[in-house]
Amino acid sequence: MFRTGRSLRIQTLAFNWNSGGSKRFNHFIITDKFGTLREQYHTPKYPIVLCHGFSGFDKLTFFQNFEIVDKYLVKNDGSKRILGFELDYWRGIGIALSKLGAKVLVAQVPPFGTIRDRAEILESFLELQCQQLKDMSDDKINFPIKLNLISHSMGGLDSRYLISKLQNNGPNKKYHVVSLTTIATPHRGSEVADFFYELVQTVPILKHVAPQALFDLTTTSMIKFNKEIVDDPTVEYFSYGAKFNPKLFNIFYSTWYLMKYRIGLRLKRNQIKLAPKLNIDNDGLVSVTSAKWGNYLGTLDQVDHLDLINWTSTIRSTLDKFVFKRKPKFNAIALYLDIADNLAKRGY
(Lines give C-alpha, C1' and ligand atoms only; values in the text may rest on other atoms or scores of the structure.)
Protein backbone atom coordinates (compact mmCIF):
# COMPACT_ATOMS: atom_id res chain seq x y z
CA MET A 1 0.00 0.00 0.00
CA PHE A 2 1.31 3.47 -0.82
CA ARG A 3 1.89 6.01 1.93
CA THR A 4 -0.53 8.87 2.43
CA GLY A 5 0.44 11.88 0.37
CA ARG A 6 0.95 15.41 1.62
CA SER A 7 -1.30 18.32 0.73
CA LEU A 8 -1.34 19.66 -2.82
CA ARG A 9 -0.27 23.20 -3.56
CA ILE A 10 -0.51 24.46 -7.12
CA GLN A 11 0.06 27.99 -8.31
CA THR A 12 -1.72 28.92 -11.52
CA LEU A 13 -0.99 31.63 -14.03
CA ALA A 14 -3.40 32.97 -16.60
CA PHE A 15 -1.56 31.75 -19.66
CA ASN A 16 -2.95 29.85 -22.63
CA TRP A 17 -1.10 28.00 -25.33
CA ASN A 18 -2.03 26.37 -28.58
CA SER A 19 0.24 23.37 -29.17
CA GLY A 20 0.57 23.35 -32.92
CA GLY A 21 -3.16 23.23 -33.64
CA SER A 22 -3.81 20.94 -30.70
CA LYS A 23 -5.76 21.63 -27.52
CA ARG A 24 -5.55 24.85 -25.52
CA PHE A 25 -4.58 24.71 -21.89
CA ASN A 26 -3.64 26.71 -18.81
CA HIS A 27 -0.11 26.98 -17.45
CA PHE A 28 0.31 25.25 -14.07
CA ILE A 29 3.32 25.47 -11.79
CA ILE A 30 3.44 22.28 -9.71
CA THR A 31 5.44 22.74 -6.53
CA ASP A 32 4.88 19.80 -4.19
CA LYS A 33 2.10 17.68 -5.62
CA PHE A 34 4.64 14.91 -6.18
CA GLY A 35 6.56 15.31 -2.92
CA THR A 36 5.41 11.98 -1.50
CA LEU A 37 3.31 9.01 -2.56
CA ARG A 38 -0.45 9.02 -2.13
CA GLU A 39 -2.30 6.23 -0.40
CA GLN A 40 -4.08 5.08 -3.55
CA TYR A 41 -3.57 5.11 -7.30
CA HIS A 42 -5.76 3.50 -9.94
CA THR A 43 -4.35 0.95 -12.37
CA PRO A 44 -4.52 1.62 -16.14
CA LYS A 45 -6.56 -0.78 -18.25
CA TYR A 46 -3.97 -1.01 -21.04
CA PRO A 47 -0.21 -1.76 -20.95
CA ILE A 48 2.24 1.09 -20.39
CA VAL A 49 5.25 1.47 -22.67
CA LEU A 50 8.22 3.48 -21.31
CA CYS A 51 10.17 5.19 -24.12
CA HIS A 52 13.62 6.58 -23.32
CA GLY A 53 15.31 9.71 -24.59
CA PHE A 54 18.46 10.64 -26.51
CA SER A 55 21.51 8.54 -25.52
CA GLY A 56 19.14 6.44 -23.41
CA PHE A 57 18.73 2.70 -22.84
CA ASP A 58 16.53 0.31 -20.94
CA LYS A 59 19.14 -1.29 -18.66
CA LEU A 60 22.93 -1.58 -18.74
CA THR A 61 24.98 -4.24 -16.95
CA PHE A 62 28.63 -3.43 -16.26
CA PHE A 63 31.52 -5.87 -15.72
CA GLN A 64 29.40 -8.98 -16.24
CA ASN A 65 30.94 -12.48 -16.28
CA PHE A 66 34.69 -11.94 -16.60
CA GLU A 67 36.18 -15.11 -18.10
CA ILE A 68 39.23 -14.82 -15.86
CA VAL A 69 37.11 -15.35 -12.76
CA ASP A 70 34.50 -17.67 -14.29
CA LYS A 71 35.18 -20.41 -11.78
CA TYR A 72 34.26 -18.06 -8.94
CA LEU A 73 30.98 -17.06 -10.59
CA VAL A 74 29.34 -20.49 -10.60
CA LYS A 75 26.52 -20.98 -8.08
CA ASN A 76 25.68 -24.30 -6.42
CA ASP A 77 22.94 -24.89 -8.99
CA GLY A 78 25.40 -24.43 -11.87
CA SER A 79 24.17 -20.99 -12.95
CA LYS A 80 26.45 -17.98 -13.22
CA ARG A 81 26.64 -15.13 -10.73
CA ILE A 82 26.57 -11.62 -12.15
CA LEU A 83 29.71 -9.69 -11.25
CA GLY A 84 29.12 -5.96 -11.47
CA PHE A 85 26.11 -3.70 -11.37
CA GLU A 86 23.15 -2.61 -13.46
CA LEU A 87 22.08 0.89 -14.42
CA ASP A 88 18.38 1.36 -15.10
CA TYR A 89 17.27 4.35 -17.21
CA TRP A 90 13.84 4.29 -15.53
CA ARG A 91 15.29 4.03 -12.03
CA GLY A 92 12.59 2.28 -9.96
CA ILE A 93 9.79 3.68 -12.12
CA GLY A 94 8.94 0.52 -14.04
CA ILE A 95 8.99 -1.50 -10.81
CA ALA A 96 6.61 0.93 -9.10
CA LEU A 97 4.19 0.83 -12.03
CA SER A 98 4.31 -2.98 -12.06
CA LYS A 99 3.58 -3.10 -8.32
CA LEU A 100 0.55 -0.93 -9.04
CA GLY A 101 -0.67 -3.77 -11.25
CA ALA A 102 0.10 -2.22 -14.62
CA LYS A 103 1.62 -4.23 -17.44
CA VAL A 104 4.87 -2.39 -18.20
CA LEU A 105 6.95 -2.68 -21.37
CA VAL A 106 10.36 -0.94 -21.41
CA ALA A 107 11.38 -0.06 -24.95
CA GLN A 108 14.96 0.08 -26.19
CA VAL A 109 15.83 2.01 -29.34
CA PRO A 110 19.18 3.19 -30.79
CA PRO A 111 20.45 5.79 -28.29
CA PHE A 112 21.84 8.15 -30.95
CA GLY A 113 19.57 7.21 -33.85
CA THR A 114 17.41 9.59 -35.83
CA ILE A 115 13.79 10.07 -34.84
CA ARG A 116 12.67 7.99 -37.82
CA ASP A 117 15.11 5.15 -37.10
CA ARG A 118 14.19 5.06 -33.43
CA ALA A 119 10.47 5.11 -34.24
CA GLU A 120 10.83 2.17 -36.64
CA ILE A 121 12.69 0.13 -34.01
CA LEU A 122 10.04 1.11 -31.48
CA GLU A 123 7.34 -0.21 -33.79
CA SER A 124 9.16 -3.52 -34.20
CA PHE A 125 9.41 -3.77 -30.42
CA LEU A 126 5.68 -3.08 -29.97
CA GLU A 127 4.69 -5.61 -32.62
CA LEU A 128 6.83 -8.29 -30.98
CA GLN A 129 5.71 -7.50 -27.45
CA CYS A 130 2.03 -7.47 -28.39
CA GLN A 131 2.37 -10.85 -30.08
CA GLN A 132 3.99 -12.20 -26.90
CA LEU A 133 1.27 -10.69 -24.74
CA LYS A 134 -1.33 -12.50 -26.83
CA ASP A 135 0.59 -15.79 -26.77
CA MET A 136 1.07 -15.73 -23.00
CA SER A 137 -2.45 -14.60 -22.11
CA ASP A 138 -5.07 -17.05 -20.87
CA ASP A 139 -7.78 -14.61 -21.92
CA LYS A 140 -8.84 -14.10 -25.49
CA ILE A 141 -6.99 -11.00 -26.70
CA ASN A 142 -7.66 -9.51 -30.10
CA PHE A 143 -5.32 -7.35 -32.14
CA PRO A 144 -4.65 -4.52 -32.11
CA ILE A 145 -3.69 -4.33 -28.43
CA LYS A 146 -4.23 -0.84 -27.04
CA LEU A 147 -1.21 0.83 -25.46
CA ASN A 148 -0.33 3.87 -23.32
CA LEU A 149 3.03 5.43 -24.21
CA ILE A 150 4.94 7.39 -21.55
CA SER A 151 7.97 9.05 -23.10
CA HIS A 152 10.84 11.06 -21.68
CA SER A 153 12.68 13.70 -23.71
CA MET A 154 13.42 12.59 -27.32
CA GLY A 155 11.32 9.47 -26.70
CA GLY A 156 8.26 11.68 -27.11
CA LEU A 157 9.31 12.60 -30.66
CA ASP A 158 9.87 8.95 -31.55
CA SER A 159 6.40 8.24 -30.20
CA ARG A 160 4.75 11.04 -32.17
CA TYR A 161 6.43 9.83 -35.38
CA LEU A 162 5.30 6.29 -34.66
CA ILE A 163 1.69 7.39 -34.11
CA SER A 164 1.56 9.70 -37.12
CA LYS A 165 3.53 7.74 -39.72
CA LEU A 166 3.68 4.07 -38.74
CA GLN A 167 0.78 2.72 -36.74
CA ASN A 168 -1.79 3.39 -39.46
CA ASN A 169 0.35 2.68 -42.52
CA GLY A 170 -0.75 -0.90 -43.07
CA PRO A 171 -3.27 -3.61 -42.16
CA ASN A 172 -3.04 -6.21 -39.39
CA LYS A 173 -1.18 -4.08 -36.87
CA LYS A 174 -0.80 -5.78 -33.52
CA TYR A 175 -0.86 -2.55 -31.49
CA HIS A 176 -2.70 0.76 -31.33
CA VAL A 177 -1.56 3.69 -29.20
CA VAL A 178 -4.49 5.29 -27.36
CA SER A 179 -2.52 7.81 -25.29
CA LEU A 180 0.86 9.51 -25.29
CA THR A 181 2.25 11.29 -22.24
CA THR A 182 5.46 13.21 -22.93
CA ILE A 183 7.77 14.43 -20.18
CA ALA A 184 10.22 17.24 -21.02
CA THR A 185 10.08 16.38 -24.72
CA PRO A 186 11.57 19.07 -27.02
CA HIS A 187 8.52 19.39 -29.28
CA ARG A 188 9.93 22.65 -30.62
CA GLY A 189 13.57 21.66 -30.38
CA SER A 190 16.32 22.44 -27.89
CA GLU A 191 18.64 25.43 -27.85
CA VAL A 192 21.34 23.12 -26.49
CA ALA A 193 21.04 21.01 -29.65
CA ASP A 194 21.25 24.24 -31.70
CA PHE A 195 24.50 25.18 -29.99
CA PHE A 196 26.21 21.82 -30.47
CA TYR A 197 24.99 21.49 -34.06
CA GLU A 198 26.50 24.89 -34.88
CA LEU A 199 29.72 23.86 -33.12
CA VAL A 200 29.91 20.68 -35.18
CA GLN A 201 29.68 22.72 -38.39
CA THR A 202 32.78 24.70 -37.42
CA VAL A 203 34.93 21.68 -36.47
CA PRO A 204 35.32 19.32 -39.48
CA ILE A 205 36.38 16.28 -37.46
CA LEU A 206 33.19 16.47 -35.40
CA LYS A 207 31.04 16.13 -38.52
CA HIS A 208 32.18 12.53 -38.83
CA VAL A 209 31.28 11.54 -35.28
CA ALA A 210 28.26 13.68 -34.38
CA PRO A 211 24.99 11.73 -34.64
CA GLN A 212 22.29 12.85 -37.08
CA ALA A 213 19.90 12.91 -34.12
CA LEU A 214 21.62 16.10 -33.01
CA PHE A 215 20.19 17.92 -36.03
CA ASP A 216 16.78 16.30 -35.49
CA LEU A 217 16.58 17.99 -32.09
CA THR A 218 17.35 21.54 -33.26
CA THR A 219 14.67 24.22 -33.21
CA THR A 220 14.92 24.58 -37.00
CA SER A 221 14.44 20.86 -37.65
CA MET A 222 11.46 20.69 -35.32
CA ILE A 223 9.59 23.37 -37.28
CA LYS A 224 9.55 21.03 -40.27
CA PHE A 225 8.85 18.00 -38.06
CA ASN A 226 5.75 19.58 -36.54
CA LYS A 227 4.34 20.42 -39.96
CA GLU A 228 4.76 16.84 -41.20
CA ILE A 229 4.01 14.86 -38.03
CA VAL A 230 0.37 15.57 -37.29
CA ASP A 231 -1.58 14.41 -34.25
CA ASP A 232 -3.85 11.40 -34.56
CA PRO A 233 -7.43 12.26 -33.47
CA THR A 234 -7.83 8.75 -32.02
CA VAL A 235 -4.94 9.35 -29.60
CA GLU A 236 -5.02 11.54 -26.49
CA TYR A 237 -1.88 13.61 -25.94
CA PHE A 238 -0.64 14.77 -22.51
CA SER A 239 2.57 16.56 -21.55
CA TYR A 240 4.66 17.86 -18.65
CA GLY A 241 7.51 20.35 -18.58
CA ALA A 242 10.01 21.23 -15.87
CA LYS A 243 12.03 24.21 -14.66
CA PHE A 244 14.55 24.98 -11.95
CA ASN A 245 16.80 27.74 -10.65
CA PRO A 246 20.37 26.53 -11.26
CA LYS A 247 22.85 25.99 -8.43
CA LEU A 248 26.58 25.73 -9.07
CA PHE A 249 26.67 22.01 -8.24
CA ASN A 250 23.89 21.08 -10.69
CA ILE A 251 24.95 19.08 -13.74
CA PHE A 252 22.84 21.37 -15.96
CA TYR A 253 24.19 24.63 -14.52
CA SER A 254 26.00 25.61 -17.74
CA THR A 255 23.33 24.41 -20.17
CA TRP A 256 20.60 26.25 -18.23
CA TYR A 257 22.41 29.56 -18.78
CA LEU A 258 23.20 28.61 -22.37
CA MET A 259 19.49 28.08 -23.00
CA LYS A 260 18.58 31.33 -21.26
CA TYR A 261 21.06 33.25 -23.42
CA ARG A 262 20.01 31.70 -26.72
CA ILE A 263 16.29 31.95 -25.98
CA GLY A 264 16.80 35.60 -25.09
CA LEU A 265 18.57 36.26 -28.40
CA ARG A 266 15.75 34.65 -30.34
CA LEU A 267 13.07 36.59 -28.47
CA LYS A 268 14.95 39.82 -29.06
CA ARG A 269 15.40 39.00 -32.75
CA ASN A 270 11.68 38.27 -33.08
CA GLN A 271 10.78 41.27 -30.89
CA ILE A 272 8.86 39.11 -28.42
CA LYS A 273 8.48 40.82 -25.05
CA LEU A 274 5.56 38.92 -23.54
CA ALA A 275 6.27 37.10 -20.25
CA PRO A 276 10.08 36.83 -20.68
CA LYS A 277 10.49 34.82 -17.46
CA LEU A 278 8.12 32.15 -18.73
CA ASN A 279 9.88 31.99 -22.07
CA ILE A 280 13.33 31.22 -20.59
CA ASP A 281 12.17 28.62 -18.03
CA ASN A 282 13.86 25.28 -18.73
CA ASP A 283 15.10 22.04 -17.13
CA GLY A 284 18.66 22.37 -18.41
CA LEU A 285 17.99 20.81 -21.82
CA VAL A 286 14.36 21.52 -22.76
CA SER A 287 12.41 24.73 -22.29
CA VAL A 288 8.94 24.73 -20.78
CA THR A 289 7.61 26.27 -23.99
CA SER A 290 9.10 23.43 -26.04
CA ALA A 291 7.74 20.73 -23.70
CA LYS A 292 4.08 21.67 -24.19
CA TRP A 293 2.01 19.43 -26.41
CA GLY A 294 -1.66 18.44 -26.37
CA ASN A 295 -3.23 18.55 -22.92
CA TYR A 296 -0.54 20.24 -20.83
CA LEU A 297 -0.68 18.96 -17.26
CA GLY A 298 1.81 21.34 -15.69
CA THR A 299 5.34 22.56 -15.10
CA LEU A 300 7.29 20.74 -12.39
CA ASP A 301 9.03 23.37 -10.30
CA GLN A 302 12.69 23.01 -9.21
CA VAL A 303 13.08 19.81 -11.25
CA ASP A 304 15.80 19.22 -13.85
CA HIS A 305 15.98 16.85 -16.83
CA LEU A 306 17.47 13.91 -14.90
CA ASP A 307 15.25 14.38 -11.86
CA LEU A 308 12.39 13.38 -14.17
CA ILE A 309 13.67 9.81 -14.49
CA ASN A 310 14.61 9.47 -10.83
CA TRP A 311 18.39 9.49 -11.30
CA THR A 312 19.02 12.17 -8.69
CA SER A 313 16.39 11.26 -6.09
CA THR A 314 18.83 10.02 -3.45
CA ILE A 315 21.12 13.04 -3.78
CA ARG A 316 18.15 15.42 -3.84
CA SER A 317 16.55 13.85 -0.76
CA THR A 318 19.84 13.93 1.16
CA LEU A 319 20.49 17.58 0.32
CA ASP A 320 16.92 18.57 1.17
CA LYS A 321 16.99 16.74 4.49
CA PHE A 322 20.47 17.45 5.83
CA VAL A 323 21.60 20.63 4.04
CA PHE A 324 18.43 22.62 3.41
CA LYS A 325 16.50 21.12 6.38
CA ARG A 326 13.30 20.63 4.37
CA LYS A 327 11.10 17.85 3.12
CA PRO A 328 11.67 16.82 -0.51
CA LYS A 329 9.18 18.41 -2.90
CA PHE A 330 9.63 16.01 -5.80
CA ASN A 331 9.56 12.23 -6.05
CA ALA A 332 9.69 10.93 -9.63
CA ILE A 333 7.91 7.73 -8.62
CA ALA A 334 4.94 9.79 -7.45
CA LEU A 335 4.84 11.56 -10.84
CA TYR A 336 4.64 8.33 -12.84
CA LEU A 337 2.11 6.75 -10.52
CA ASP A 338 -0.02 9.86 -10.94
CA ILE A 339 0.32 9.60 -14.73
CA ALA A 340 -0.91 6.00 -14.50
CA ASP A 341 -3.76 7.13 -12.25
CA ASN A 342 -4.73 9.83 -14.77
CA LEU A 343 -4.80 7.26 -17.57
CA ALA A 344 -6.91 4.87 -15.51
CA LYS A 345 -9.47 7.54 -14.65
CA ARG A 346 -9.83 8.38 -18.35
CA GLY A 347 -10.52 4.76 -19.21
CA TYR A 348 -7.07 3.92 -20.57
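Is Cys130 buried or exposed? With a relative accessibility of 0%, Cys130 counts as buried, since buried means under 20% relative accessible area, exposed over 50%, and partly exposed in between (1.4 Å probe, protein chains only).

A word on the basis: this is a predicted model, in which local features need pLDDT of at least 70, side-chain atom pairs count only at pLDDT 80 or more, and totals for chains, interfaces and linings use all residues. Residues are numbered from 1 along each chain as its sequence is written, and side-chain values use heavy atoms, leaving out hydrogens and water.

| Residue | Relative accessibility | Class |
|---|---|---|
| Cys51 | 3% | buried |
| Cys130 | 0% | buried |
| His176 | 19% | buried |
| Leu199 | 33% | partly exposed |

On the cysteines, the disulfide count is zero, where a disulfide is a pair of cysteine sulfur atoms within 2.5 Å.

Now to His176, which sits in strand 8 (residues 175-183); strands are DSSP runs of E with at least two residues, helices are runs of H or I with at least four, and both are numbered from the N terminus. The His176 side chain makes a polar contact with the side chain of Thr234 at 3.3 Å (a pair of N or O atoms within 3.5 Å, one able to donate a hydrogen and the other to accept it; residues adjacent in sequence count only if both atoms are side-chain atoms). Leaving aside residues up to four places away in sequence, His176 also touches residues including Pro144, Leu147 and Gln167, with contact meaning heavy atoms within 4.5 Å.

Leu199, finally, belongs to helix 4 (residues 191-202).
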